[in-house]
Amino acid sequence: MTNEEKRKIYLQLAGPFPEHCIQRTEGRLTGRGYDTTGIGYQHIANRLNEVLGVGGWRAHRTVTVKEITRSNGRPAFEAICDITLELGEWIDGQFIVFAESLADGGHLASSEADARKGSYTNAFKKAAAFFGVGRQAYEGSLDDDNLPGDHVVQTVQPAAVQPVQRPALIATPVGVPHAPVMQQPRAAPAPTRNRLTSKQLGAIGAIARKLGLDQPALRAATKQRFNAQPEFLTREQASQMISSLSQQAGNGHDNADGMHEPGMEG
Amino acid sequence: MPDGLYVSVSQVKTWLMCPRKYELKYIRGVAPAFVPVNLAFGSAFHEALAGYYGEIKVSGIPLRRDLVLDTFRAAWAKAAEGDVPLQTDEDDADPGAMIDKAVSMLHTFCEQAGTPVVEAVEHGFTITLHDVDTGEPLEEQLVGTMDLLIREEGRIVVVEHKSAARKFTEDQLRFDIQPTAYQIAARESGLGDVGLRFQIITKSKVPAVQVVDIHRDAQAEADFVRTATGVLRAIDAGVSYPIRGWQCRGCPYESTCR
């Protein structure tokens, strides 16, 4: 096959998909924590069949499944699929390969079957994207105005669609033993917390008791000073409150009785 | 209540109904202008039912009906004589008529309640919630009180009492977050997988007792934790805005809100 022939195949494979092929999910509905936009799995397969013909491609896969326990204590299955997608043709019972890509994909699900299925479709779509099929999902060019932040929450991608996230590397030349692996999405850090901590609240209560302040008096004091109940002070306000109460208690900032403001331990 | 920070189902519901009300009530600590009569009614009614089931737990037989009624009257009188006045909204009957209504409802209840095996009445809990996505424990613990725990066919059933204008709709039964929270709390506090039941006594002209067993799956549990987490994050971020609507009628913070 000449380079010109390969170029034409690539252009056909990499062409944009019509709107109805695009799947979008909202993190708030799926519970995944991020919005996704991608091309449906079957549309990827259709494109391969249309351009290369039935039998013009094949996939080898290895799926490993691990049973894990979710944070809520429930069991789940985490599957990882390593896939080799080959483009070629059958000649005298032999599949003659002219291009291949290697990719992996993961999926977490409550059932092993769903985990296997999801990991396979994710790996398949990624491998196909190396040939340009559905590459728009990885380039983030399907919905330029709908890109998520730098991080997405789940460490495993959803079954049907890929996160809109630019892969670290996208090209996989034939003959390279290991395809570059797209970075797995990492868990998003929780938003920076402003509200005081339980330790701070406990410290305020302890010093107040030492000063002989009962709950209503303490509430009145924080309301007068910060227009908020003690449980809803900010960290900074709580820190100020601890300092002033400590001074009233004659402790200054030395925090007698071994009491240290949370975050100041050691 | 725990020493540290906490959140309750009631707080979450308040924020979802009106963030401004949450702010005034919980964050600013604004004193309510009045006690909504329905709130006082519900509290007194719960007290009467707690007396009914509490006696079963102690002696094996229900509290006598006249004593159940007395329990309500005493609780109602206490609410009426409190520092904060009772107030009805325009759809409510006057406080005097509420007593008659309660008596009628309690008669209906006593005729239908039976004598279950009572494990606990007003069962308090404090549990740690974990972020569904990260597994991190939340700083605020979930606290609450289950109205009634009974044992049926070898397992615990959590019963939530409601006094309501009318029977609960399918959506209320399906999506109310309170039993979902109780299911999580029961498991986390060692009660195992429990059954969930609403026992609703209607305030209709002819009161009725609606007893419905409900089910909450893992998705509902995850939804609840996400809801609670989202509300807590919004509170932390200082999100507060008023929602004007039916909930303003009978809101004891309305005068401060406007």
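**View 1. A salt bridge at R197(B).** R197(B) counts as buried, at 13% relative accessibility; buried means under 20% relative accessible area, exposed over 50%, and partly exposed in between (1.4 Å probe, protein chains only). Its side chain meets that of E152(B) in a salt bridge, 2.7 Å from N to O, the term denoting a side-chain nitrogen of Lys or Arg within 4 Å of a carboxyl oxygen of Asp or Glu. E152(B) lies in strand β5 (residues 137–152) and R197(B) in strand β7 of chain B, so the pair ties together parts 45 residues apart in sequence. Helices (H or I, at least four residues) and strands (E, at least two) are DSSP runs numbered from the N terminus. E152(B) is partly exposed, with a relative accessible area of 30%.

This is a predicted model, in which local features need pLDDT of at least 70 and side-chain atom pairs count only at pLDDT 80 or more, whereas totals for chains, interfaces and linings use all residues; side-chain values use heavy atoms, with hydrogens and water left out. Residues are numbered from 1 along each chain as its sequence is written, and chains are lettered from A and ligands numbered from 1 in the order in which they are written.

View 2. T202(B) is found in strand β7 (residues 195–202) of chain B and, at 2% relative accessibility, counts as buried. Its side chain makes a polar contact with the side chain of S204(B) at 2.7 Å. A polar contact is a pair of N or O atoms within 3.5 Å; within protein, one must be able to donate a hydrogen and the other to accept it, and residues adjacent in sequence count only if both atoms are side-chain atoms. Leaving aside residues up to four places away in sequence, T202(B) touches residues including M105(B), R166(B) and P207(B), contact meaning heavy atoms within 4.5 Å.

**View 3. A salt bridge between D176(B) and K13(B).** The side chains of these two residues come within 3.1 Å, N to O. The pair links distant parts of the chain, 163 residues apart: D176(B) is in the loop between α6 (170–175) and α7 (177–188), and K13(B) in helix α1 (residues 9–17). D176(B) counts as buried at 14% relative accessibility, whereas K13(B), at 31%, counts as partly exposed.

**View 4. The interface of chain A and chain B.** The contact takes 25 residues from each of chain A and chain B. About 2000 Å² is buried between the chains, 47% of it from carbon and sulfur atoms; buried area is the accessible area (1.4 Å probe) that two parts lose on being put together, summed over both. Across this interface 2 salt bridges are found. One of the pairs linked by a salt bridge is R193(A) and E140(B), with the closest N and O atoms 2.8 Å apart. R193(A), R195(A) and E140(B) are linked in a network of salt bridges. On the side of chain A that touches chain B, α6 (198–210) and α7 (215–226) are the elements that give two or more residues, and α6(A) gives the most, with 3.
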